[in-house]
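This report goes through the structure chain by chain and then turns to single residues. Please keep the sequence and the 3D view open while reading.

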Amino acid sequence: MDNRKISLVILISAIWLTLCSQILLAQEAAPLTETKFDYHWFDTKRWNIFITLAIVFSAILWFISRAKKGKSLFIRRIAGLDAIEEAVGRATEMGKSVLYIPGIHDMNDIQTVASMIILGNVAKTIARYDIPLIVPIRQPFVVPVAEEAVRQGYLSAGRPDAFVKDNIRFISDEQFAYAAAVNGIMLRERPAANLLLGSFYAESLLLAETGASTGAIQVAGTANIHQLPFFVVACDYTLIGEELFVASAYLSREPKLLGSLKGSDLAKALIVLAIIIGTILETMGVKWFTKLFVVQ
Amino acid sequence: MDFWQKLLALDRRIIFVFVALALVIPLFFTAPPGFLKKIDISSPVKSLYDYVEKLPPGSKVMIAFDYDPPTTPELQPMAISFLKHCFLKDLDVIMIGLWPQGPVQAQFAMEMDILTDEKIKAKNLQYGVDYVNLGFQAGNEFVILRMGSDIAAAFPVDYFGTRTRELPLMKDVKNFDNIRLVYNISAGYPGTYEWVIFAGDRFGVKIAGGNTAVQYPHVSPYLQTGQLVGLLGGMQGAAAYEKVSGYFGKATKYMFSQAVSHAMVVFFIILGNLAYFITRGRKT
Amino acid sequence: MRREIPILIAIVVGFVYVIAFFVPHPPLNKFQDWGNDWIQIIAGFAIVLGVLNLLKVSLEKVYKKSQGWGYAVIIIIGFLIMTAAGLFFSGGKNYQNPGTPFYDIFFNIYFPLNATMFAILAFFVASASYRAFRARNKEATLLLLAAIFLMLGRTPLGDYMSSWAGDWQLKNISDWIMDFPQTAGQRAIMIGIALGIISTSLRVITGLERTFVGGE
Amino acid sequence: MGAFLTLGIISFLYKDNPWYKFCEALFVGISAGYWFCTVFWSQFVAKLVDNVFPPAGQPPQYAYLVGGLLGFMMLLRLVPKIGWFSRWPLAFVVGGTAGAYLIGYALSNGMKQVKSTILPLWVSGNLNATVGNIILVVGTFCGLVYFFFSKEHKGTYGKIAKLGIFFLMITFGASFGYTVMARMSLLIGRMDFLFGTWLGLIK
């Protein structure tokens, strides 16, 4: 870790030095027009994006290293997690099952990975009450991961005996056949809570509609922006885009996820700051600040 | 169970029938002339049209066909009206596809609509000189990046198996520097997003888009930033381009059905909510 | 060996792509061209891999006579017919010319099947609008209102309904929604996603992200 | 033929049935064949073979062999014992994608978006632009605040985030409206095919 840190410092300072000299050079040679095929060692028109990336990079790496050292990084508990707990709670009160749909993509989609982390947590809550947790799955590779997540959840709640393997069901690898089968489960087994968290496509509509018509509490979440409208209107609570990843980072506490999240948060704060300062200056008629962001 | 509750529990197949009727019946009628006059030409459509209008004859325009049969009703009219506009302006057209079915769509458009058109027949278009179809290449954004340095390396052969370097049109086209506009007709990934990021902002070529309505809102922020020259969205965008370029095509024809079906959906949303609030009010 | 080399490959390739952006100088741009060419070829093989995988799964289904194996047979037959047509009976490189068997199958079978698959979603959108889309809270109400404005405003129908409204016609309102509040919201999401992608990519090219090499 | 298949898919609306399943399996098979042929001719022959063994008069480019080798390794995934070789080409693609995306997104969706959000809040003599600019700046600002996870949503800050949510909802509403438009268009196209091209009822 220390070596990495040192090399990081060296790298960043080297970058800074080159940059400063380049900026100086660029100012001297500003009127010079270059053709596109004129090779040079640093594209001086791109210095602003270079600095921005350098800042974001160092922020992310710094936060990751902090998280790895075990320092606590604060992330707010997003309301979506409470909504999930509430839905599960309702199901336990009613003694009915919970349906957990982890999206339709394979494990190489980070949304599915995030969904598995949340699944493990839901399993932990459910394990204390004797209600079934049904997980229908479209991708064969997701089945073992989901089984493991649920089993771990039950184990950490001290109820490994309550784990029912048959409730983690491989349905069909064809999109609409899968959607039809899950709709069937909703209508037949009438779960009290439907959790739709992961990567969804055109089937989102069919699932959310059927779920709403059975009167179940529905909590959905996906980073596929184009499917969010359907979830927002047909579900009781929706985790929007990034919130899905935040929920999983919050629950798993994995350093690299937490660190990246904090790093991007810092970048967001800087962007917001830039927008505020820039807008004020622009309104007053000062233009140079805006020009810092021009990339050719 | 009273009326409203029955209404709430309506079998969805009944709704299916209503939708089908709302779509099909208007197809049998020609829309009233006043209706077509009211098709709105929004500013992104107009700016694309104006940009093409201003290009000098002989300019090279690239059209990327990044879609497949499902989205044909929306996107094919965009391709046809744009192609017509280009040929009537004597622009040279390079067609490519990052979706395997894309170049076939280009072929369909040429065979069925462009080459049979009277005005365009008079132009006596020649394959290889006035237009080329470079076919499909796998690799998504990396194909775009490769084209930034050498188009013929990214697309070694055309749709018909001829080597790209041997096509007369491609003789003086090296990379994006020689292309005045890339018009990307897209139904998803890779699509306008990738073209803006990896061609427009990277190599400075002008990008315009024709998108499915699903994608349109996601791409629209690029308009305000000027990263897109123009953008057509869905059937409405297609009909607007047909209107602005003075050509009565499929999109205009479908617009009547489209309007009625929208009204039907809005009606259902309002009806559903009405039933929901009335029954909910009673319970509590 | 099984994990280290792939991670190293990812780091090196990633760095080349990043640095080539800032340093437009040989040999880096040549490396990038090679990289693009190779990735194109790999992408082609990845498609072939997907196809072979499908065949493998289908053959297994037939072999084990598991549920629905009859449909697996149809998949295999469909594949064989199309491949034979494309590779042997359609004149080699000119396989896509109009009139070849490959073209005919595409036009008469593939096209209508593929086109209809997504067309039926229209029915579901309508029934969901009726049965599930409720203005259950402030957020959903706002969403539905914006949707209704756009659905009406984007067709001439909106004009008929609001021709009395002068500058406040539905089409102008929907243009305004698209140009300002919609763009603002979309942009916030866009920037958030961009930062997410940047941090994930950064983890890949610094070797911190190792999930893509799998377990073991 | 086309109509038979179109109706087969539409029959799914009534119920999942063998006719639909037949059509779907046929589609999956044909589409696999289609992809295979396209890739065979456009990648394997045009990109790889033609470059390494070019037609007379051109120098062979052996660099493409590396790509071919990496591609071949991809196929090894089908053989369980040496399937791990497929991680090499995969890593190549992952690395390349990471590098290209990092730059691309930072530039197009980061920098350029921020630049275009910095707008004057007062455009003299143009009320429409003034209001529009204010909405754009405030909306983007509030939206970003909503997606900021290092601070609890309380007090004024919480209210800003709440405003952000409202902007997001309008955004989703627009998407929703457009999605309805898209789905309807696709169906109109098919109906036109059934009633027009097939039955010849529509001029």
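## Chain D as a whole

Of the 203 residues in chain D, 63% are buried. The model is a predicted one, and the values below are computed from it. Chain D contains 6 helices and 0 strands, so its pattern along the sequence is written α-α-α-α-α-α.

The radius of gyration of chain D is 27 Å, whereas a compact globule of 203 residues would have one near 17 Å. Taken along the principal axes, the box filled by the C-alpha atoms of chain D is roughly 65 × 55 × 40 Å. Among the contacts in chain D with a separation of 6 or more, 15% are between residues 24 or more positions apart.

The accessible surface of chain D is about 7,700 Å², and carbon and sulfur atoms account for 72% of that area. Chain D carries 15 positive and 5 negative side chains. The centres of these two sets are 11 Å apart.

## Chain D against chain B

The size of an interface is often given as the accessible area lost when the parts come together. For chain D and chain B, the buried area is about 4,400 Å², with 66% of it given by carbon and sulfur atoms. Three residues, Tyr178(D), Met181(D) and Ile188(D), supply 13% of the area that chain D buries against chain B, more than any other three residues. In terms of contacts, 50 residues of chain D meet 57 residues of chain B.

## Two residues of chain D

Ser108(D) sits in helix H4 of chain D. Is Ser108(D) buried or exposed? Its relative accessible area is 0%, so Ser108(D) is buried. Leaving out residues up to four places away in sequence, Ser108(D) touches Val196(B), Ile197(B), Asp201(B), Tyr222(B) and Gln227(B), as well as Gln113(D).

Phe85(D) belongs to the loop between helix H3 (63-75) and helix H4 (87-117) of chain D. With a relative accessibility of 23%, Phe85(D) counts as partly exposed, because buried means under 20%. Apart from neighbours within four places in sequence, Phe85(D) is in contact with Met73(D) and Leu76(D). Phe85(D) and Leu70(D) are 15 residues apart along the chain, and their C-alpha atoms are separated by 9.2 Å.

## Chain C

Chain C has 8 helices and 0 strands, giving the pattern α-α-α-α-α-α-α-α along the sequence. The radius of gyration of chain C is 26 Å, well over the 17 Å that the globule rule gives for 216 residues, so chain C is more spread out than a compact globule. Along the principal axes, its C-alpha trace spans about 70 × 50 × 40 Å. Buried residues make up 60% of the 216 residues of chain C. Of the contacts in chain C with a separation of 6 or more, 34% involve residues 24 or more positions apart.

Chain C exposes about 8,300 Å², of which 69% is supplied by carbon and sulfur atoms. The 17 positive and 12 negative charges of chain C have mean positions 10 Å apart.

Asp179(C) is located in helix H8 (residues 170-205) of chain C. Asp179(C) counts as partly exposed, at 37% relative accessibility. How far apart in space are Asp179(C) and Ile5(C), C-alpha to C-alpha? The distance is 48 Å, for two residues 174 apart in sequence.

## Backbone features in chains A and B

Helix H9 (residues 243-252) of chain A has the buried residues Glu243(A), Leu244(A), Val246(A), Ala247(A), Ser248(A) and Ala249(A). Arg253(A) follows H9(A), in the loop between H9 and helix H10 (255-283) of chain A. Arg253(A) is not a glycine, yet its phi is positive, about 60 degrees. At 40% relative accessibility, Arg253(A) counts as partly exposed.

Asp90(B) likewise has a positive phi of about 60 degrees although it is not a glycine. Asp90(B) lies in the loop between helix H5 (72-88) and strand E2 (92-97) of chain B, and with a relative accessible area of 38% it is partly exposed.

The peptide bond from Tyr189(B) to Pro190(B) is cis, and its omega is near -10 degrees. Pro190(B) is in the loop between strand E4 (181-186) and helix H10 (192-203) of chain B.

Notes. Residues numbered from 1 in each chain as written. Chains lettered and ligands numbered in written order. Predicted model: local features only at pLDDT ≥ 70, side-chain atom pairs only at ≥ 80, totals over all residues. Heavy atoms only, no water. Helix = DSSP H or I, 4+ residues; strand = E, 2+ residues; numbered from the N terminus. Rg over C-alpha atoms; globule rule 2.2 N^0.38 Å. Buried < 20%, exposed > 50% of the residue type's maximum accessible area, 1.4 Å probe, protein only. Contact = heavy atoms within 4.5 Å. Areas by Shrake-Rupley, 256 points an atom, 1.4 Å probe, with all protein chains shown as cover. Lys, Arg positive; Asp, Glu negative; His and termini not counted. Charge placed at Lys NZ, Arg CZ, Asp CG, Glu CD. Buried area = accessible area lost by both parts, 1.4 Å probe.
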